[in-house]
Amino acid sequence: MSTSKGGGAADKGKGGATGSGKGRAADKENGAAGAGKGQRSRAGSGASAVGPPVVDAGVPPLTGGRAGTYVLLLVAGVLVAFAGTLVQAAWFPGGLLLALAGVGGLFYGGGRATGTPAGVLVPGAAWLVTVFVLLGDVRPEGDFLFGAGLGSYIFLLGGILVAVICATAAQMRVAGVRYGRVGG
C-alpha cells in the first residue's frame, strides 16, 4: 500500500477509478468530461443502467372493441356538441355550466374508458368540428344557433380548455408518472 498523494491501492478506494487522491469532488467537477479518458461518469454508474429493455406501455393495441369505443365516442362528441349548443343558450348561467359539465364528463369518461389520450381526442375533435360547423351555419332567414353573446364564447373556449386538461391528464396516466422523490 502506498501513502503518497500520487495515488496507489489505498487511494483507489477513495478516488474511484481515477486514483488521483482527490476523492469524489474531482469526479463531480469533471462530470461526464472524465468519461472519455477511461473513467466512468456518475450518470453511467448504478444498477439502473442494467436491466430488461423498456417496453412502450403507452399505446395499447387497437382491437375491435377499442375501435368500437372510439366510434361511440365520436358519435357522443357530436351529440354533446348539439345538446350543449342548445342548452347553453336556453338557460344562460345554469345551461352554460350544464353544457360544460357534459363536455367535461364526455372527455374525462372517454379518457378513462380507453386508457389513452385518444379517448379524449376523438370526442374532442368531433365536438370541435361539430361546434364550428354549427357556428358557421347561417340560414337564409338569418337564423343561427350561436348568438354573439358571452355565453357562446365561454362555451367554445371552455370546451377547448376542458379537452386540453383531460388530454393532459390522460397522457400523464399513460406515461405512468410516479409521485415521490426525484432521483431515487
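Predicted model: local features only at pLDDT ≥ 70, side-chain atom pairs only at ≥ 80, totals over all residues.
Local features need pLDDT of at least 70 and side-chain atom pairs count only at pLDDT 80 or more, while totals for chains, interfaces and linings use all residues. Residues are numbered from 1 along each chain as its sequence is written, and side-chain values use heavy atoms, with hydrogens and water left out.

**Overall fold**

- The protein chain has six helices and zero strands, and along the sequence the pattern reads α-α-α-α-α-α. Helices (H or I, at least four residues) and strands (E, at least two) are DSSP runs, numbered from the N terminus.
- Of the 184 residues, 28% count as buried; buried means under 20% relative accessible area, exposed over 50%, and partly exposed in between (1.4 Å probe, protein chains only).
- The accessible surface comes to about 12100 Å², and 66% of that belongs to carbon and sulfur atoms. Accessible areas come from the Shrake-Rupley method with a 1.4 Å probe, and for residues only the protein chains shown count as cover.
- Among contacts (heavy atoms within 4.5 Å) between residues at least 6 apart in sequence, 62% join residues at least 24 apart.

**The largest nonpolar core**

- This core has 20 residues, and the ones touching the most other members are Val-103, Phe-107, Val-120, Trp-127, Val-131, Phe-146 and Phe-155. The elements giving two or more residues to the core are α3, α4 (92–114), α5 and α6.
- A nonpolar core is a set of buried Ala, Val, Leu, Ile, Met, Phe, Trp, Tyr and Cys residues joined through side-chain atoms within 4.5 Å.
- Phe-107 sits in helix α4 and counts as buried because its relative accessibility is 0%.
- Leaving out residues up to four places away in sequence, Phe-107 touches Gly-119, Val-120, Pro-123, Gly-124, Trp-127, Gly-159, Val-162, Ala-163 and Cys-166.
- Beyond its neighbours within four places in sequence, Phe-146 is in contact with residues including Thr-85, Val-131, Leu-135 and Phe-155.

**The nonpolar surface patch**

- Leu-128, Phe-132, Leu-135, Leu-157, Ile-160 and Val-164 form a nonpolar patch with about 510 Å² of accessible area together. Helices α5 (118–136) and α6 (150–175) each give two or more residues to this patch.
- Patch residues have over 30% relative accessible area and no salt bridge; like charges are joined within 9 Å, and nonpolar side chains (Val, Leu, Ile, Met, Phe, Trp, Tyr) within 5 Å. A salt bridge is a side-chain nitrogen of Lys or Arg within 4 Å of a carboxyl oxygen of Asp or Glu.
- Phe-132, in helix α5, is partly exposed because its relative accessible area is 43%.

**Two buried threonines**

- Thr-85 belongs to helix α3 (residues 64–90) and is buried at 2% relative accessibility. Its side chain reaches the backbone oxygen of Ala-81 at 2.6 Å.
- Thr-116 lies in the loop between α4 and α5 and is buried, with a relative accessible area of 6%.
- The side chains of Thr-116 and Tyr-70 are joined by a polar contact of 3.0 Å. A polar contact is a pair of N or O atoms within 3.5 Å; within protein, one must be able to donate a hydrogen and the other to accept it, and residues adjacent in sequence count only if both atoms are side-chain atoms.
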